[in-house]
Amino acid sequence: MEYPTTVSDLTRHLREGGYLADRGLATALVVSLSLRRPVLLEGEVGVGKTEVAKVLASVFGRRLIRLQCYEGIDTNQALYEWDYARQMLQIRALSEHQVTDEQAVDRLFGPKLLLERPLLEAVRAGDEAVLLIDEIDRADDEFEAFLLEVLSDFQISIPEVGTIKADTAPAVILTSNRTRELHDALRRRCLYHWIGYPSQEREVEIVLVREPGAAEQLTRKVVGAVHRLRELDLAKPPGVAETIDWVRTLGFLGETDLTAESAGDTLGAVIKDRDDLDLVRDNLEEITSRA
Amino acid sequence: MISTWSATTWKRSPHVPDRAPFTEVLVGFARELRGAGVTVGTGDVLTYCQATATLDPTDLVDVYWAGRATLVSKPDDITGYNEAFRRYFLAEGAAAAGVLTLRASAAMEAEAAAFVMPATDPPSADTDEEPAVLGWMASDVDALKHRSFAACTPAELAALRKIMARLRLTPPRRRTRRTRPAPAGRSPDLRKTIRDSMRMHGEPAQLYFRQRKTKLRPLILILDVSGSMADYSRHLLQFAHTARHAAAKVEVFCFGTRLTRITRMLEHRRPDSALEQAAQAVVDWDGGTRIGQSLDTFIRRFGRSGLCRSGVVVICSDGLDRGDPGQLAAVMERLSRLCYRIVWLNPHKGDNPHFRPTTLGMMVAAPHIDLLLSGHDLASLEQLAAMLPLLN
């Protein structure tokens, strides 16, 4: 399916895929898809940065290619690598006469022995793919610099093979949790969108879309409690993902109402830090009653 | 001049239909943004124009979000963008009003009136410094290496500073996951070995190796700038400057009763004036020092998101905490779990090797401190510079 060119169309399609995008995010995505520019999503943990790429891929029938970043990630893990063991074996198997043969050498650096990693895969796939570069802030500066080149031209040079270029650039989504500042050069190559926490009504809507079996009354109470939790001075405020988890957990346990007791039993679904747990347990009555 | 150029280029650009009046409005908006301190390159303006062209340029909401996506690249700039947008597009008698009414229908104007700025602003990363009225008095007395900083004349301070500029504050190194070619190492460099064996008719004659790289750990200075400590802290700032020359990542924070990040200020200003400004922003003279609370702010706003992870935190304070000692104990414990090592400089320690902390704050913090130094004179700072790379 072609990507839509209007904001409302895209919002509708994403909604069908179970993702509620607000106006800003949808605009950034439409612009990114029509200009073929990568989009950089930043925001609090668990607000659906990664999810939007997954939904985009599934709704429009694209292949999701995910590159999870981590410290020390290099070209071997992001771009391509030769299958060295096979190469070595093949060299050993060649007789002296064959080594001088052009084709034998070509085979040695042929597609069979080339291991594609996410970036190469995405460049090859072109428009067939959605490339998700997840948690780019976890990679180090060196990798960021390398990424610049790939993101601006969508071409990759392999010395033994030549240059591979995408006919149409794939849709690219980068996410960052802001554990460190990204370089301006990378930011400049991307469209930028900050995803904040949704409003209370919107969050209820989101939970009901993701978790269609959930009771609306319970969902409202849970969302109210989560919003109250975000006002508290927590080390790790819960994201939307935690809200959904909480509703799911309560539903699984067959709870129909959020009381101080049921909230206390299931607090592990929303609060993931010991100091926060202590703080929340002290205020549990107030949090659940106000919701 | 630049904006005029981009305007004409854009008109010639094949992707975009000719909507000259709009281009001028958009380019004018970019100029307004620059005026508001947001960095906007000509390329960004081009993208902005292309983006609005793919959307509906008479819809103000589209114009807003297209700009947010293309012209803003940092969360810190969003506030500035919103203000500029409001000024340029929404204010009465705004610069763009004439052209907009020229192009847009009455319906659009109605929408503009009802246009609500979305409330998705991220929390701003730095507290703005509000200029407070207070004096800054440099103490004056005198001597050299073993004389306390608090007791130097300005001329001697200048001399000391020259010596200090030659000292290097180098944090310890850590191994990274990135590798480099090495004559010997644990993991073989297969790529190089195979390539090399081609020359030998496929005989892997020599084995090459790779080794993990090392990298300087980040250095985080948290300086007490309240009245009694300011003289000591400013010398540490000098160090922060030299440490940056050593290609290490350095972050500097100041606190009195509140915490302020002054890393950015230091990039542009002389350390002295930056510290002075920071002190004006952070110190409420009657409030005394609140170490626990300031460190708590540090952990919540910066430490939690990984700023000090695997780094060395240097705290310079006398430990005279006016806040809750329980809070200080809790945050010190948390900080010790978040960072690699904690160094505490307490000028009251002086040259006394058998110094025992007597203030409540110091006693509470002591179990989590890896290295306690004095930092009250040049010799002790030299000692810090010598010990720092060995903190393993």
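Start at the contact between chain A and chain B. Select 35 residues on chain B and 37 residues on chain A; these make up the contact in this predicted model.

Stay on the chain B side. Pick out helix 3 (42–54), helix 4 (60–71), strand 1 (173–182) and helix 9 (190–199) of chain B; each gives two or more residues to the side that touches chain A. Which element of chain B gives the largest share of that side? Helix 4 of chain B does, with seven residues. Now colour this side of chain B by class. You will find 14 nonpolar, 13 polar and eight charged residues.

Next, check confidence. Colour chain B by pLDDT. Its mean is 73, and 68% of the residues of chain B reach 70 or more. Select residues 1–17 of chain B: pLDDT is below 50 here, and the model gives this stretch 23 contacts beyond near neighbours in sequence. Then jump to residues 118–144 of chain B. Here too pLDDT stays under 50. The model has 45 contacts for residues 118–144 of chain B, counted beyond four places in sequence.

Finish on chain A, and colour it by domain.

- Domain 1 of chain A takes two segments, 7–79 + 117–195.
- Domain 2 of chain A covers 82–116.
- Domain 3 of chain A covers 200–283.

Note on methods: Residues are numbered from 1 along each chain as its sequence is written. Chains are lettered from A and ligands numbered from 1 in the order in which they are written. This is a predicted model: local features need pLDDT of at least 70, side-chain atom pairs count only at pLDDT 80 or more; totals for chains, interfaces and linings use all residues. pLDDT is the predictor's confidence in each residue, from 0 to 100. Two residues are in contact if their C-beta atoms, placed from the backbone, lie within 7 Å. Helices (H or I, at least four residues) and strands (E, at least two) are DSSP runs, numbered from the N terminus. Ala, Val, Leu, Ile, Met, Phe, Trp, Tyr, Cys and Pro count as nonpolar, Asp, Glu, Lys and Arg as charged, and the others, Gly among them, as polar. Domain bounds come from an automatic or database domain assignment.
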